[in-house]
Every structure is written in C-alpha cells, then in structure tokens.
Amino acid sequence: MHAYSLVEPETAARVRRGFADILDSDAGRFAELVVITELLQSAERGDNLELVPALRRRAEEVWPRAAPGEMGGR
C-alpha cells in the first residue's frame with residue numbers, strides 16, 4: 001500500500017504513520033525493498049511507470065548507500 005501511495009506524498013505519509021511500527025522494523029524495511037524491487041521489475045514491462053521515480057527515491061531512503069569504508073566502500 002505504501003509503495004503505491006508514493007506518488008501522493010500526503011497519502012504516503014498517512015500510510016507510513018499508520019504502519020510505522022511495521023515499516024520501521026528490520027523486517028519491514030526488507031519487505032519494503034522487496035516490494036519496491038518487484039514494482040521496478042514490473043515497470044520494465046511497462047506497468048506503473050508513474051511510480052518509478054518515487055520508488056527509486058524511497059529505495060534510497062530505506063537502504064542508503066554505506067559510508068566509504070563500509071561494505072567494501074559501496
């Protein structure tokens with residue numbers, strides 16, 4: 001639900017607040033990345049193209065790149 005609401009920031013914020021206890025957990029972040037990945041893959045086939053920029057931004061928020069020196073500098 002949260003991933004699909006990203007194109008409407010107010011709605012996304014409301015969904016996020018409502019499910020914060022789940023989405024802010026390690027399992028929730030992992031699940032969110034799985035959903036984002038699946039939606040980006042379906043966008044490759046032309047589905048939900050309007051979500052792509054918001055999904056990419058959200059993926060960066062959920063899993064920011066490691067600082068230099070961490071995880072091989074990635």
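Student: Is V34 buried, partly exposed or exposed, and at what relative accessibility?

Tutor: In this model, which is a predicted one, V34 counts as partly exposed because its relative accessibility is 32%, and buried would require under 20% while exposed would require over 50%. V34 has its place in helix 4, which covers residues 26-44.

Student: How far is the C-alpha atom of V34 from that of A59?

Tutor: The two C-alpha atoms are separated by 9.8 Å, although V34 and A59 are 25 residues apart along the chain.

Student: Let me step back, then: how many helices and strands are there in the protein chain?

Tutor: The protein chain has 5 helices and 0 strands, and from the N terminus on its elements run α-α-α-α-α. Of its 74 residues, 31% count as buried. When contacts are taken between residues at least 6 apart in sequence, 41% of them join residues at least 24 apart.

Student: Back to A59 and its helix: which residues of helix 5 are buried?

Tutor: Helix 5 runs over residues 52-62, and its buried residues are V52, A54, L55, R58, A59 and V62. They lie on the same side of helix 5, because they cover an arc of only 160° around the axis. An α-helix has 3.6 residues a turn, so residues three or four places apart point the same way.

Student: And which exposed residues does the face turned away from that buried side carry?

Tutor: That face of helix 5 carries the exposed residues R56, R57 and E61.

Student: What covers the buried residues of helix 5?

Tutor: The cover includes helix 1, which spans 2-5, helix 2, which spans 9-18, and helix 4.

Student: What about helix 2, which residues are buried there?

Tutor: The buried residues of helix 2 are A12, V15 and R16. Seen down the axis of helix 2, these residues fall within an arc of 100°, so they line one face of the helix. On the other side of helix 2, the exposed residues are E10, R14, R17 and G18. As for partners, the buried residues of helix 2 pack against helix 1, helix 3, helix 4 and helix 5.

Student: Which residues make up the largest nonpolar core?

Tutor: That core has 11 residues in all, namely A3, L6, A12, L33, I36, L39, L51, A54, L55, A59 and V62. Helix 4 and helix 5 each supply at least two residues of this core, and the largest share, 4 residues, comes from helix 5. As background, nonpolar side chains tend to be buried together in soluble globular proteins.

Student: What does A3 touch, leaving aside residues up to four places away in sequence?

Tutor: With those left out, A3 touches V35, L39, L51 and L55.

Student: And S5, is that one buried or exposed?

Tutor: S5, which lies in helix 1, is buried, with a relative accessible area of 8%. Not counting residues up to four places away in sequence, S5 touches T11, A12 and V15.

Student: Changing topic, how much space lies in the largest pocket, and which residues line that pocket?

Tutor: About 180 Å³ of space lies in the largest pocket, and its lining consists of M1, H2, A3, V15, F19, I22, L23, A31, E32 and V35. By kind, the lining residues divide into 8 nonpolar, 1 polar and 1 charged.

How values were computed:
Residues are numbered from 1 along each chain as its sequence is written. This is a predicted model: local features need pLDDT of at least 70, side-chain atom pairs count only at pLDDT 80 or more; totals for chains, interfaces and linings use all residues. Side-chain values use heavy atoms; hydrogens and water are left out. Buried means under 20% relative accessible area, exposed over 50%, partly exposed in between (1.4 Å probe, protein chains only). The arc is that of the directions from the helix axis to the C-beta atoms. Contact means heavy atoms within 4.5 Å. On a 1 Å grid over the protein atoms alone, a cavity is a set of points where a 1.4 Å probe fits but cannot get out, and a pocket is an open set with protein on both sides within 12 Å along at least five of seven lines; lining residues have an atom within 4 Å of a point. Grid points are joined across faces, edges and corners, and a volume is the space filled by probe spheres set on the points. Ala, Val, Leu, Ile, Met, Phe, Trp, Tyr, Cys and Pro count as nonpolar, Asp, Glu, Lys and Arg as charged, and the others, Gly among them, as polar. A nonpolar core is a set of buried Ala, Val, Leu, Ile, Met, Phe, Trp, Tyr and Cys residues joined through side-chain atoms within 4.5 Å.
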